[in-house]
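Subject: Structure handover

Hello,

Here is the structure I promised to pass on. Please open it first, then read the notes below.

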Amino acid sequence: RLNWNYKPTISAMKLSKLLCLSAVLLATNVLSQDLKITVNPKGKVGYADLNGNIVIKCQYESAKPFSNGTAIVTKSGKSGIIDSAGNILLPIKYTQISTWSNQLYIIKEGKKVGIADHQGIVVIPAKYSHISKLNSHGKALISLGGTLTTNDKKTYLANAKYGVIDSLGNILITPKYKGLYEFTFNGQNIYPYYEGKRLEYSYHHTDDTLATDCSFLGFSGNGMNILNAGIMDGNGNELLKPGLYYFVMEPKNGMVRYYNVKKKSTICGYHNLSTNAGFQAAKFETPLNGMNYWSHGDFTGDI
């Protein structure tokens with residue numbers, strides 16, 4: 001039944017406006033997808049519609065196809081971002097711009113990198129030495145400083161300080177750690193661990209991605225090994241200070257399995273992250289590499 005006396009409520013009116021805005025954005029995006037790169041006789045690049053009509057004049061040295069309503073263009077050796085009307089969203093001043101995610105770009109200014117969104121807003125200023133590709137968990141490594149060095153024919157930043165960002169460009173862990181390691185060494189059926197994940201050293205090659213969701217990470221001031229590392233959570237909260245234990249396993253149920261290794265003995269135990277106190281589970285009168293049996297496993301149950 002039609003109600004001829006119906007009046008839109010405030011929420012209905014808001015919904016109507018949102019739908020109109022969405023329609024405009026959709027139309028703009030569809031239009032941008034129809035724009036094709038074109039080159040004039042002088043070698044300048046622009047964009048034309050499907051009928052060949054010039055929409056954005058040929059004035060650029062190079063240009064990339066539109067994606068989500070924006071495109072990367074280059075002029076006088078510098079790159080920027082434009083919309084489908086040719087408006088400059090991100091100034092054409094960057095050494096290089098490349099796609100990082102569906103909504104974000106890596107921007108490079110000189111040798112420094114940062115992140116900008118599709119509206120031209122700089123999310124992370126270009127002052128960092130490297131930002132890795134996102135992994136499947138939406139996490140990436142961000143580094144500050146360091147010297148580009150080669151190892152096993154791959155490049156990495158020696159003496160850099162590392163942190164972690166998410167897919168929105170939020171800095172979760174400030175890049176201030178020379179040693180930042182993931183729990184990726186699988187101890188299954190390997191004595192004396194037999195189970196669980198241990199910290200694993202990584203050069204953080206510039207082509208690498210992070211391997212985990214970074215719920216827990218090891219950290220230290222030593223960028224060359226995992227020994228005596230502390231533990232932090234995925235938001236950079238330091239849960240276990242460095243130097244307490246020779247090496248540690250990934251926390252389980254609020255407990256960290258640890259090993260303290262000496263020349264002629266090995267102490268195995270657990271550290272309670274709630275009370276910040278550890279207790280010894282066993283002591284063996286043999287160094288770690290002399291043990292050929294399972295010492296103690298990941299903590300299970302309640303503390």
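Two strands pair if DSSP finds at least two bridges between them. Strands themselves are DSSP runs (E, at least two residues), numbered from the N terminus. By that rule, β21 (residues 230-233) and β22 are joined by two bridges and run antiparallel. M232 has E238 in β22 as its bridge partner.

A word on the source. This is a predicted model, with residues numbered from 1 along each chain as its sequence is written. Local features need pLDDT of at least 70, side-chain atom pairs count only at pLDDT 80 or more, totals for chains, interfaces and linings use all residues, and side-chain values use heavy atoms, with hydrogens and water left out.

The open sheet

β21 and β22 belong to an open sheet of five strands, in the order β19-β18-β20-β21-β22, with antiparallel pairing.

The hairpin

β8 and β9 form a hairpin, with four residues between them. Four bridges join β8 (residues 96-99) to β9 (residues 104-109), and the two run antiparallel. In this pairing Q96 stands opposite K108 in β9.

The largest pocket

A pocket here is an open set of points on a 1 Å grid over the protein atoms alone, where a 1.4 Å probe fits, with protein on both sides within 12 Å along at least five of seven lines; lining residues have an atom within 4 Å of a point. The largest one has a volume of about 600 Å³, taken as the space filled by probe spheres set on the points, which are joined across faces, edges and corners. It is lined by 22 residues. I106, V113, S129, H130 and I131 lie nearest its centre. Elements giving two or more residues to the lining are β8, β9, β10, β12 (130-131) and β15 (154-158). β8 supplies the largest share, three residues.

V113 sits in β10 (residues 112-117). Its relative accessible area is 9%, so V113 is buried (buried means under 20%, exposed over 50%, partly exposed in between, with a 1.4 Å probe and protein chains only). Contact means heavy atoms within 4.5 Å.

T70 is in β5 (residues 70-75). T70 counts as buried because its relative accessibility is 2%. Its side chain makes a polar contact of 2.9 Å with that of Y105 (a pair of N or O atoms within 3.5 Å, one able to donate a hydrogen and the other to accept it; residues adjacent in sequence count only if both atoms are side-chain atoms). Leaving out residues up to four places away, T70 touches P65, I81, I82, L89, Y105 and H118.

Backbone points to check

Most residues other than glycine have a negative phi, and most peptide bonds are trans. N159 has a positive phi of about 65°. N159 lies in the loop between β15 and β16 (161-166) and is exposed, at 62%. Phi of N253 is also positive, near 55°. N253 is in the loop between β23 (247-248) and β24 (255-261) and is partly exposed, at 47%. The peptide bond from Y191 to P192 is cis, with omega near 5°. P192 is in the loop between β18 (179-186) and β19.

Best wishes
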